[in-house]
Amino acid sequence: AAHDFWIEPSDYEPEIGASVTFTLRIGDHFLGIPYPRKRDHLLQFVAHDASGIRPVAGRFGATPAGWIRVAEQGTMVVGYRSARTSVSLEAAAFESYLREVGLERIIQMRAVRGESAKEGIEAYSRCAKTILSSGTTPDAGYKRMLGLDLELVPEQSPRGGLQARTLTVRTFFRGKPVAGLKVAAIHEDAF
């Protein structure tokens, strides 16, 4: 069963000099459980502010999974990338999952190949970002890229909150623009 994965900072608008912790969460509809920092899963956990990219500190096996001190005013983008993992599901459960997430083209592809009755194997990795803002001076730091395998980059500041109602993002796969991906966004106030 697939789940949402996100980074939850202790403060989205920290003061300069404050220490911010990051809890990795896995679950559905923002009802996630903490996911510890795992040595065999973590490939990248970084923060990018006006001074550049630096690692997010943390202890393996611990939650919160990381922390960082806010050094300057402006926007900080924090990102996490996991190693590739795979899961297998019996054929009917796999097809049900594919329908649920809107991947009917994979169901059709399996049928054409005569694989509909075969166990399904899904390989995945997790890429998550969160954006912090310190101080009152707006900047375009929310557009910073981290080099994640799959990355969404906002076209306008997400700081607008519910008033904005829309958020346009560009999608990148391994640093190159990509089109045709299914992207879904939900706001935690929707639940």
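Trainee: Which residue forms a salt bridge with R99?
Mentor: R99 forms a salt bridge with E95, and their closest N and O atoms are 2.8 Å apart. A salt bridge here is a side-chain nitrogen of Lys or Arg within 4 Å of a carboxyl oxygen of Asp or Glu. Please note that this is a predicted model: local features need pLDDT of at least 70, side-chain atom pairs count only at pLDDT 80 or more, and totals for chains, interfaces and linings use all residues. Residues are numbered from 1 along each chain as its sequence is written, and side-chain values use heavy atoms, with hydrogens and water left out.

Trainee: Where do R99 and E95 lie?
Mentor: Both lie in helix α1, 4 residues apart, which is about one turn of the helix. Helix α1 covers residues 91-100. Helices (H or I, at least four residues) and strands (E, at least two) are DSSP runs, numbered from the N terminus.

Trainee: Is R99 exposed, partly exposed or buried?
Mentor: R99 counts as partly exposed because its relative accessibility is 45%. E95 is also partly exposed, with a relative accessible area of 27%. Buried means under 20% relative accessible area, exposed means over 50%, and partly exposed lies in between (1.4 Å probe, protein chains only).

Trainee: And what else does R99 touch, not counting residues up to four places away in sequence?
Mentor: R99 touches E104 and I107. A contact means heavy atoms within 4.5 Å.

Trainee: How many salt bridges does the count come to?
Mentor: The count comes to 7 salt bridges. Another one of them joins D49 and R54, with the closest N and O atoms 3.4 Å apart. D49 counts as buried, at 6% relative accessibility, whereas R54 counts as partly exposed, at 24%.

Trainee: Which residue forms a salt bridge with R174?
Mentor: The partner of R174 is D149, and the closest N and O atoms are 3.9 Å apart. This pair links distant parts of the chain: R174 is in the loop between β12 and β13, D149 is in the loop between β10 and β11, and they are 25 residues apart. Salt bridges that share partners join R81, D149 and R174 into one network. R174 counts as exposed, at 58% relative accessibility.

Trainee: What do β12 and β13 form?
Mentor: They form a hairpin with 2 residues between them, and R174 in the turn has a positive phi of about 50°. Strand β12 (residues 169-173) and strand β13 (residues 176-177) run antiparallel and are joined by 2 bridges. Two strands pair if DSSP finds at least two bridges between them. The bridge partner of F172 in β13 is P177.

Trainee: How many bridges join β11 to β12?
Mentor: There are 5 bridges between strand β11 (residues 150-154) and strand β12, which run antiparallel. P154 stands opposite V169 in β12.

Trainee: Changing topic: in what order do the 4 strands of the open sheet come?
Mentor: The order is β5-β4-β7-β10, with antiparallel pairing. β5 (52-55) and β10 stand at the edges with a single partner strand each, so one side of each has no neighbour in the sheet. β7 and β10 pair over 8 bridges in the antiparallel sense, and V78 has T130 in β10 as its bridge partner.

Trainee: Which residues have the most contacts inside the largest nonpolar core?
Mentor: They are F22, L24, F45 and Y80, in a core of 19 residues. The elements giving two or more residues to this core are β1 (4-9), β2 (19-27), β4 (42-49), β7 (74-82) and β10 (127-134). β2 gives the most, with 4 residues. A nonpolar core is a set of buried Ala, Val, Leu, Ile, Met, Phe, Trp, Tyr and Cys residues joined through side-chain atoms within 4.5 Å. In soluble globular proteins, nonpolar side chains tend to be buried together.

Trainee: What does Y80 touch, not counting residues up to four places away in sequence?
Mentor: Its contacts include F5, I7, L24, Y35, F45 and L148.

Trainee: Lastly, where does H48 lie?
Mentor: H48 lies in strand β4 and is buried, with a relative accessible area of 16%. Leaving aside neighbours within four places in sequence, H48 is in contact with residues including I53, T75 and M145.
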